[in-house]
Amino acid sequence: MNNLKACPFCGNTDHKSSVSSYMTDASNNGKIIHFLCIKCKAEGPGSPDDFEIAQYNWNKRTDGDSNHCPFCGSSSINIQENKKDKGEAFIYSIFCTDCKAFGPLGFTEEEAKDRWKKRVPSTES
Ligand SMILES: [Zn+2]
Ligand SMILES: [Zn+2]
C-alpha cells in the first residue's frame, strides 16, 4: 500500500509516522495534495486530489545538479519567507515554481538553501 520513497532531502523513510498527505485549497483549481516529510518539513510536488498521483509525483526523482528540483528537475526555484505564528522569527524554504514542491525549512535563507542542496541518494527499500 505504502510505496513512498525516502525523502530526497533528509532520507527519512519512516513514512508511517513521518510522511503524510495534506490538502491546500488552490482557489479555482480545487484541492491540491502534497506529501509532507514531517522530519524536515519538505513537501512533494503539488498534485491533483488523487493519492496515486501525489505518490507518483513524490517518488519521481531526477539526478543532477543539486540546485535543481529533486522531483521534476526544474531549475526554476525561488525562496519563500514564512512568518511564524507569533511573528518574531521568519522561516524560509526553497520552492520549485514548476511542480510546487518545497524544500526543508530553514531559519535563515542560507540554511534553507543549504538544506535544499543536501540530497540523499534514493535507495529502493
Ligand atoms: Zn525530509
Ligand atoms: Zn519541481
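pLDDT is the predictor's confidence in each residue, running from 0 to 100. These legends describe a predicted model, in which local features need pLDDT of at least 70 and side-chain atom pairs count only at pLDDT 80 or more, while totals for chains, interfaces and linings use all residues. Residues are numbered from 1 along each chain as its sequence is written, and chains are lettered from A and ligands numbered from 1 in the order in which they are written.

**View 1. Overall fold and confidence.** The protein has 3 helices and 5 strands, taken as DSSP runs numbered from the N terminus (helices are H or I with at least four residues, strands are E with at least two). Along the sequence they come in the order α-β-β-β-α-β-β-α. Mean pLDDT is 81, and 77% of the residues score at least 70. Helix H1 (residues 15-18) has the lowest confidence, with a mean of 50, while H3 has the highest, at 95.

**View 2. The largest nonpolar core.** A nonpolar core here is a set of buried Ala, Val, Leu, Ile, Met, Phe, Trp, Tyr and Cys residues joined through C-beta atoms within 7 Å. Buried means 20 or more other C-beta atoms within 10 Å of a residue's own, exposed means 12 or fewer, and partly exposed is in between, with C-beta atoms placed from the backbone. This core has 15 residues, and Cys 7, Cys 40, Ala 42, Phe 95 and Ala 101 touch the most other members. Strand E5 (90-96) and helix H3 (109-117) are the elements that give it two or more residues, and E5 gives the most, with 4.

**View 3. Around Cys 40.** Leaving out residues up to four places away in sequence, Cys 40 touches Cys 7, Phe 9, Cys 10, Asn 12, Pro 104 and Arg 115. Touching means contact, with C-beta atoms, placed from the backbone, within 7 Å.

**View 4. The buried side of helix H2.** In H2 (residues 51-59), the buried residues are Ala 54, Gln 55, Asn 57 and Trp 58. They sit on the same side of H2 because they cover an arc of only 165° around the axis, taken from the directions from the helix axis to the C-beta atoms.

**View 5. Two lysines with positive phi.** Lys 41, in the loop between strand E2 (31-37) and strand E3 (47-48), has phi near 70°. It is partly exposed, with 18 other C-beta atoms within 10 Å. Lys 100, in the loop between E5 and H3, has a phi of about 65°. Lys 100 counts as buried, with 20 C-beta neighbours inside 10 Å.

Note on methods: Contact = placed C-beta atoms within 7 Å.
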